[in-house]
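Visitor: I am new to this structure and would like to learn how to read it. Please show it to me, and then I will ask about single features.

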Amino acid sequence: AAQAYLWYPRSGSGTVPGVLLEARSYGAAGFQLEAAIPWSVFGINPVRGMVFGFVMSSSDNDHPYAAVQQTMLSTVASRKLVDPTTWGTLVLKD
């Protein structure tokens with residue numbers, strides 16, 4: 001089953017409560033993932049016009065008893081984990 005897990009920062013790593021996930025497999029054609037993430041996960045109160053460095057990555061592991069990353073899909077292929085200047089830009093609008 002799909003689950004939200006925070007890997008970084010390591011001090012806060014673990015499953016993320018309150019995240020709603022819906023995943024649908026299309027077999028060899030791929031999968032679709034939708035997520036609703038509470039703003040509290042990011043520790044901010046959103047307002048219109050806020051600008052963030054942002055990247056969404058999905059790690060796939062089909063081995064339920066082993067921590068094995070089989071696939072990493074990301075909205076920015078060249079992103080570096082701790083360098084927000086390599087991420088995309090997210091602007092909050094109405």
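Visitor: In which loop does Pro-17 lie?

Guide: Some ground rules come before that. This is a predicted model, in which local features need pLDDT of at least 70 and side-chain atom pairs count only at pLDDT 80 or more, while totals for chains, interfaces and linings use all residues. Residues are numbered from 1 along each chain as its sequence is written, and side-chain values use heavy atoms, with hydrogens and water left out. Strands are DSSP runs of E with at least two residues, helices are runs of H or I with at least four, and both are numbered from the N terminus. Pro-17 is found in the loop between β2 (14-15) and β3.

Visitor: How many helices and strands does the chain have?

Guide: There are 0 helices and 8 strands. Read from the N terminus, the order is β-β-β-β-β-β-β-β. The C-alpha trace spans about 40 × 30 × 25 Å along its principal axes.

Visitor: Is Pro-17 buried or exposed?

Guide: A residue is buried under 20% relative accessible area, exposed over 50%, and partly exposed in between, using a 1.4 Å probe and protein chains only. Pro-17 counts as exposed because its relative accessible area is 69%. Of the 94 residues in the chain, buried ones make up 9%.

Visitor: Where is Asn-61, in terms of the strands?

Guide: Asn-61 sits in the loop between β6 and β7. Its relative accessible area is 32%, so Asn-61 is partly exposed. From Asn-61 to Thr-71 is 10 residues along the chain, and their C-alpha atoms are separated by 7.2 Å.

Visitor: What volume does the largest pocket have?

Guide: On a 1 Å grid over the protein atoms alone, a pocket is an open set of points where a 1.4 Å probe fits, with protein on both sides within 12 Å along at least five of seven lines; lining residues have an atom within 4 Å of a point. Grid points are joined across faces, edges and corners, and the volume is the space filled by probe spheres set on the points. Here the largest pocket has a volume of about 2,300 Å³. Its lining has 50 residues, and those closest to the centre are Tyr-5, Trp-7, Ser-57, Ser-58 and Ser-59. Elements giving two or more residues to this lining include β1 (5-6), β3 (20-25) and β6 (57-60).

Visitor: Where does Ser-57 lie?

Guide: Ser-57 belongs to strand β6. Its relative accessibility is 28%, so Ser-57 counts as partly exposed. Ser-57 and Thr-75 are 18 residues apart in sequence, with 6.5 Å from C-alpha to C-alpha.

Visitor: Which residues form a nonpolar patch on the surface?

Guide: Such a patch joins nonpolar side chains (Val, Leu, Ile, Met, Phe, Trp, Tyr) within 5 Å, from residues with over 30% relative accessible area and no salt bridge. Accessible areas come from the Shrake-Rupley method with a 1.4 Å probe, and for residues only the protein chains shown count as cover. The patch consists of Tyr-5, Trp-7, Tyr-8, Leu-81 and Val-82, with about 570 Å² of accessible area together. Tyr-5 is in strand β1, and Tyr-5 counts as partly exposed because its relative accessibility is 36%. Tyr-8 is joined to Pro-9 by a cis peptide bond, with omega about 5°.

Visitor: Which side chains meet in a salt bridge?

Guide: A salt bridge needs a side-chain nitrogen of Lys or Arg within 4 Å of a carboxyl oxygen of Asp or Glu. The whole structure has 1 salt bridge. The side chains are those of Arg-48 and Asp-94, at 3.7 Å from N to O. This pair links distant parts of the chain, 46 residues apart: Arg-48 is in the loop between β4 and β5, and Asp-94 is in the segment after β8 (88-91). Arg-48 and Asp-94 are both exposed.

How values were computed:
Patch = residues over 30% accessible without salt bridge, like charges linked within 9 Å, V, L, I, M, F, W, Y side chains within 5 Å.
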